[in-house]
Amino acid sequence: MTLSCLYEHVRVVNGSNRCNGRVEVYFDGHWKRACNSDWGKEEADVVCREISCGTPVIQTIAPNFGEAHNLLGVKTTCLGNETSISKCELQDFKETCLDATIFCTNSKPIRLMNGTNRCSGRVEVYHDGQWGTVCDDRWGMQEATVSCREMNCGNALAVKYKAFYGRGQEQVWLDDIECTGLEKSLADCPHRGFGEHDCDHNEDAGVECSATLRLSNGTDQCSGRVEVFHNDRWGKICNNNWGLKEATVVCKELSCGTPKKYQEKFNFGDSGLRGFTGSCSGNVSSISQCALQDYTGTCTGVSISCTGNPPIRLANGTDRCSGRVEILHNGQWGTVCDDDWDFRDAEVVCRAMDCGSAQTAKASAFFGQGQGDIWLDDVNCIGNESSLVHCQHPSFGENNCGHGEDAGVVCSATIRVINGTNQCSGRVEVHHGGHWSPAFNLNWGMNEATVVCREMNCGDPVKVTGSFGQGDDLRGYQVICTGRETSLTQCSLREYVATSRNHVEEAAVECTGNVRLASGPNRCVGRVEFYDKGQWGNVCGDAWDMNDATVVCRQINCGRAHKITTMADYGHGTGQTWIDQIECNGLESTLTQCPQRPFRDKICNITSVAGVVCTGSLEVRLVNDKDECSGRVEVRHGAIWQTVCDADWNLSKAQTVCGLLECGHAVNAPGSATFGQGSGSVVEASQSCFDNVTSLQQCAVRGFRTARCGHERDAGVLCAAQLRLVNGADKCSGRVEIHYKGQWGTVCDDEWEMSNADVVCRQLDCGHAISAPISAHFGRGSGPIWLDNVECSGQEAALTHCSHPGFGENNCGHGEDAGVICLGALQKPQISLSPSSEWTST
């Protein structure tokens, strides 16, 4: 077997490995044999260094590596510090020439075995007189890049695992290699140590490199100076006759997408390599299949920048924007597990795929089971990331899933709205003819907007105009719809080209969104309706909770959830139920982002309908304190919030506020901006408005009288939720329950201590606490767990004034319900005095 170590200016041939053999030098346009006259340590130093083989070893008996009788000779004279043999003094040698040889050490030769060409195969390194394999633990594209460079091949195309090119024999030399990608040799990368591993040959690593093409000096693997391997040497491609056809072949061959626009602005430098001209014709898949010819003159090398293929694709869907999510990692496609997969993750995928808005996030291999690796699991996106890999997730390949859990998405494929305030408003663009183009505001109206809102699952149109900016694309479409179409592409699309003289605005739309509250007194209270499949439907009330309601109120810009209803308080609507079970954590911005699933072992009770009262519907609110039951008083007139002057403010009027908010009874009515100064106008605390809940609601309609004081006198309220003790011996012992928003609930025993129990006992006029039982000592309660992690100093006037995360915030079950036993619960001793001289007690 003849081995050859080939670089740009020197090659070492006919040795036992790439680091020893006969030296040949590329000089004056030809390969020539290096003559051994004047060949010494300095010259050998330069060559060993240039081919990344360490330092030369002086041989007492020169090994025989054959002779190159058909090559002319060249004499080399080096100082020893040159970076390349080409930097030494080179002269043609006309006389009889014996070949110069080298034998380098301190380097580990590399070879690729069992591949389809010289640049693919199982990676093997030479150490201690023996070839051995590399384990695929931590084997990735950086390691492949170093291997390809060391083999004098082109770009790394893919890494291979699990003995893809067959099992090696003998030693496994390297394991846990971690290259940066810049090293000259695989042995230079950090690793466990030669022979240190926990692998067998079933884990032998492989690599696939480009054998004929590379991009040099670029900013990434898809940009750089174009160089080709032709006639046994690397050379640059001259810009003569270079065009889009050739650039397209190069980008495609390297799996780098398509050439970017305006290629002339990319320049990644030139090289001293010999030039080739290239011209491609017909259906070619590699630059090596094009006509390549030596160019004898001076030429400028071609630079290229490709778009790069997105490392994500959707497989097995109904169009380009739906399917099983697969990502490319280390040259291999793999799937994503559906653990924690939700709408926010789908939004990121749709954006990365250049699709429209996300419609749904699919789980349980909805689009069929994938193959190969499961690259990602427990993906947790915010929703604004540009790539799925930028989201929080464990390491690549770390998962506890099978392909039955492959995640999928459905995105809008033909329409999107951009630059809006939410996903249901903005400038309209349609995907037609392979790219996105604007819809122009030419006879744009409610019919067209109706189709857009319907197609995007965004409910009904509200406005057909808006200030959402303007794009820079002059070529777009005039759209004409009847309003009954299910997609904008079913409407009439007429191409329209705008000019500077006939400038036309782009069409815009604002939709209701896919959630609304129906049959209530105003838009912030009512039955929850969800838009899907072109019509509105209910949400089942069986699993409806405050977290779900909080998301609805946030989505429709109605503040926070005040209370929920589940028994058709606002009617049944059409009776169609779109969502059975929804599981929001309360932090989502839209209901679509929450996981939704049907009930597994029951059907929704037809009388159970989800409803909500949002704080935006209330006539009063308390702000700037730890919860909505204490803070600065603000009253609403229309959409305007106003503060209340503390003149004539008292506990009775504060009680009206606490009653309307269903926060229990008022325990304090501070003034003097105790909870900070508000803004806007200040109104009087007149008896006619604050006498009772009804009078307060009436003033919110007709308006309040303006006060003459400033915000330094803003009034405040502290409410205390009603308490009761249940299942004890009497009213002063039992399970602690709180009445909040019209519903009794329990307290979790996390952080439950005597100081907490003292506050409960004092609030109930039951004296001091003598015990604070935990673990549902008085039996398990039902309904919500209103408080958790309560921390009292013991001096608070009410339990709800103690530190806690917020009403309904807990991680408990009713097996952790807290209780108290107060001194007032103990039987008081009855003492009587008898005529006798003895004291008796009964």
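A charge sits over a ring if NZ of Lys or CZ of Arg is within 6 Å of the ring centre and within 35 degrees of the ring normal. By that rule, the charged end of Lys-362 sits over the ring of Phe-366, 4.3 Å from its centre. Arg-621 has its charged end over the ring of Trp-641, 4.0 Å from that ring's centre.

This is a predicted model, in which local features need pLDDT of at least 70, side-chain atom pairs count only at pLDDT 80 or more, and totals for chains, interfaces and linings use all residues. Residues are numbered from 1 along each chain as its sequence is written, and side-chain values use heavy atoms, with hydrogens and water left out.

**The second largest pocket**

Lys-362 also belongs to a pocket. It is among the residues nearest the centre of the second largest pocket, together with Gln-359, Thr-360, Ala-361 and Gln-596. In total, 44 residues line this pocket. Its space comes to about 1400 Å³.

The terms come from a 1 Å grid over the protein atoms alone. A pocket is an open set of points with protein on both sides within 12 Å along at least five of seven lines, and lining residues have an atom within 4 Å of a point. Grid points are joined across faces, edges and corners, and a volume is the space filled by probe spheres set on the points. The probe has a 1.4 Å size.

Helices (H or I, at least four residues) and strands (E, at least two) are DSSP runs, numbered from the N terminus.

By class, the lining has 16 nonpolar, 15 polar and 13 charged residues. Ala, Val, Leu, Ile, Met, Phe, Trp, Tyr, Cys and Pro count as nonpolar; Asp, Glu, Lys and Arg count as charged; the others, Gly among them, count as polar.

Helix H5 is also the place of Val-451. Val-451 is buried, at 0% relative accessible area. Here buried means under 20%, exposed over 50% and partly exposed in between (1.4 Å probe, protein chains only). Val-451 and Gly-534 are 83 residues apart in sequence, yet their C-alpha atoms are 9.7 Å apart in space.

**Aromatic pairs**

The structure holds 13 aromatic pairs. Rings of Phe, Tyr and Trp (its six-membered ring) pair if their centres lie within 6.5 Å; planes under 30 degrees apart count as stacked, over 60 as edge-to-face and the rest as tilted. Phe-164 and Tyr-165 form an edge-to-face pair, 5.0 Å centre to centre with 85° between the planes. Phe-164 is exposed at 51% relative accessibility, whereas Tyr-165 is buried at 10%. Phe-366 and Phe-367 have ring centres 4.9 Å apart and planes at 80°, so this pair is edge-to-face. Phe-367 is buried, with a relative accessible area of 10%. Elsewhere, ring pairs link Trp-649, Phe-690 and Phe-704 into a cluster.

**Salt bridges**

There are 33 salt bridges in the structure. Each is a side-chain nitrogen of Lys or Arg within 4 Å of a carboxyl oxygen of Asp or Glu. Three examples follow.

| Salt bridge | N to O distance |
|---|---|
| Lys-75 and Asp-38 | 2.9 Å |
| Arg-324 and Glu-326 | 2.9 Å |
| Glu-634 and Arg-621 | 2.8 Å |

Lys-75 lies in strand S5 (residues 73-77) and Asp-38 in the loop between strand S4 (30-34) and helix H1 (41-50), so the pair ties together parts 37 residues apart in sequence. Lys-75 is partly exposed, at 22% relative accessibility. Arg-324 is buried at 9%, and Glu-326 is buried at 5%.

Glu-634 lies in strand S42 (residues 630-637) and Arg-621 in strand S41 (residues 620-623), so their bridge ties together parts 13 residues apart in sequence. Glu-634 is buried at 7%, while Arg-621 is partly exposed at 31%. Salt bridges that share partners also join Arg-11, Arg-22, Glu-24, Arg-33 and Asp-99 into one network.

**Backbone exceptions**

Most residues other than glycine have a negative phi. Glu-662 has a positive phi, near 55°. It is in the loop between helix H7 (651-660) and strand S44 (665-668), and is partly exposed at 25%. Asn-789 also has a positive phi, of about 50°. Asn-789 is found in the loop between strand S51 (785-787) and strand S52 (819-822), and is partly exposed at 28%.
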